[in-house]
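Please have the display open as I talk.

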Amino acid sequence: MKHNRENHKRYFTFFIFCFCIICALGICENQINANAAVVNENLPSDTTETENPEFTTPDSDTSTITLEKTSVTAYLVPTYTYGKTVIYGNAELDIAVNSPVVLSETTPGVNFSCKSSNKKVRTEVSLSDNILHFKFYGNQNCKTKLTVSIADKNFKINVSVKTVKISDSSLLLEKGKTKTLKIKGCNKGIKWYSSNKKIATVSKKGVVKGKRIGNVMIFAKIGNKRIGCAVSVTTNTLIKVCERATYIGTHWQYSQAKRTQYGYYDCSALVWKAYMECAGLSFGNANYPGTSASESAWCLANNRMINGGYTYQKVKKMQLNPGDLVFKSSNLNDPYHTTYHVEMFTGYICLGYNSSKKPNVTSLWASRSAGYGAANGSLLARPMK
């Protein structure tokens with residue numbers, strides 16, 4: 001019994017001893033970790049990233065920030081013009097920001113904003129890499145004052161918005177002759193170009209000269225916008241034919257019953273009267289007008305037909321010439337025997353330029369509205385060259 005008590009004492013003493021050692025080891029480990037943390041806090045950072053300090057108004061000097069310009073003119077160029085209908089695109093321009101640091105509207109602390117004093121002028125503005133980019137929208141001449149805020153510093157910008165027009169969007173020009181195109185609403189920064197200098201050239205002042213028979217786009221650049229004129233270089237005789245045909249088609253009365261009388265016309269009588277009066281071309285009958293069928297037959301017999309006939313692609317590529325005739329037939333497999341209508345092509349008109357800087361060009365006709373056409377493959381004739 002006594003022996004068992006002594007064994008219990010020894011086991012208890014050994015347990016207490018082990019417990020004390022474990023506690024001591026735990027305390028040491030915690031102390032080591034704490035010391036290591038202190039050491040790590042005092043060590044310099046190993047990072048290689050370059051800090052980009054924020055632009056903050058209290059710590060930055062905004063007094064040195066200025067604008068390259070505080071007064072500008074924005075030009076609105078039409079994207080579509082026909083008759084009295086004019087649709088303007090936007091006007092764009094840039095103003096540089098003079099700053100010791102690079103500023104963008106997303107830079108922290110810049111607090112970028114813009115307000116316009118004229119609600120009739122819709123304005124969009126952005127700031128990127130020290131460049132203010134403006135877009136203005138409107139449909140008339142007007143003025144506005146912009147208040148641009150950069151880093152809590154306000155700048156006043158006076159803006160004059162002007163609409164731009166061209167003197168002619170369609171032109172028949174005699175070979176060897178000249179005609180001056182003028183830009184209205186803008187008198188500086190205009191650059192003139194020709195899409196084909198072999199057909200027509202244009203000077204720095206907008207003087208167009210016809211070089212050879214054909215069609216060409218003459219256009220002016222104003223900033224990054226374009227405005228143009230579709231020019232057809234032709235003969236003096238064909239200009240007179242087209243002008244006479246257009247006058248008859250827009251001033252005389254349509255009547256098949258009175259087609260032979262002065263002041264009246266139908267489709268074939270219009271063609272006959274214009275060509276007979278201005279070019280002496282009678283289509284086989286000098287006494288009275290024939291029909292569309294007889295006129296197409298005359299063109300065929302005299303080798304005046306154009307291969308491939310009328311197509312939209314020929315219009316798009318400006319391959320029709322003023323004075324050309326398009327014959328409509330009820331059966332394109334037998335066009336000459338089923339011809340029922342004829343129209344005279346009188347030139348092209350530039351309606352505007354799209355966002356890809358491509359011209360929107362359409363056809364003009366003596367007695368029809370712009371853009372009139374016929375089925376692909378319809379008979380196409382050129383009575384005079």
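Arg259 counts as buried at 14% relative accessibility, where buried means under 20% relative accessible area, exposed over 50%, and partly exposed in between, with a 1.4 Å probe and protein chains only. Residues are numbered from 1 along each chain as its sequence is written, and side-chain values use heavy atoms, with hydrogens and water left out.

Arg259 is found in the loop between strand 20 (253-254) and strand 21 (264-265); helices (H or I, at least four residues) and strands (E, at least two) are DSSP runs, numbered from the N terminus. Leaving aside neighbours within four places in sequence, Arg259 is in contact, meaning heavy atoms within 4.5 Å, with residues including Tyr264, Tyr265, Asp266, Lys273 and Pro289. Arg259 and Tyr288 are 29 residues apart in sequence, yet their C-alpha atoms are 9.4 Å apart in space.

Which residue forms a salt bridge with Arg259? The partner is Asp266, with the closest N and O atoms 2.7 Å apart, a salt bridge being a side-chain nitrogen of Lys or Arg within 4 Å of a carboxyl oxygen of Asp or Glu. Asp266 also counts as buried, at 6% relative accessibility. In general, side chains of opposite charge can pair when their charged atoms come close.

A search of the whole structure finds 6 salt bridges. Another of them joins the side chains of Arg382 and Asp324, at 2.8 Å from N to O. Arg382 lies in the segment after strand 25 and Asp324 in the loop between helix 5 (312-316) and strand 22, so this pair ties together parts that are 58 residues apart in sequence. Asp324 is buried, with a relative accessible area of 0%. By contrast, in the salt bridge between Arg122 and Glu124, at 3.0 Å between the closest N and O atoms, Arg122 is partly exposed at 45% and Glu124 is partly exposed at 34%.

Turning to helix 4 (residues 292-301), the buried residues are Ser292, Glu295, Ser296, Trp298 and Cys299. Seen down the helix axis, they fall within an arc of 155°, taken from the directions from the axis to the C-beta atoms, so they line one face of the helix. What covers them includes helix 3 (267-279), strand 22 (325-329), strand 23 (339-353) and strand 25 (379-381).

Now the cores, a nonpolar core being a set of buried Ala, Val, Leu, Ile, Met, Phe, Trp, Tyr and Cys residues joined through side-chain atoms within 4.5 Å. Of the 27 residues in the largest one, Leu132, Phe134, Phe136, Ile150 and Ile157 touch the most other members. The elements giving two or more residues to this core are strand 2 (71-76), strand 5 (91-98), strand 8 (131-137), strand 9 (142-150) and strand 10 (153-163). Apart from it lies another core, of 23 residues, among them Ile248, Cys267, Cys299 and Met344.

Finally, confidence: the protein averages a pLDDT of 88, and 84% of the residues score at least 70, pLDDT being the predictor's confidence in each residue, from 0 to 100. Over residues 32-53 the pLDDT is below 50, and beyond near neighbours in sequence this stretch has 0 contacts in the model. Where pLDDT is low, the predicted coordinates should not be read in detail.

Note on methods: Predicted model: local features only at pLDDT ≥ 70, side-chain atom pairs only at ≥ 80, totals over all residues.
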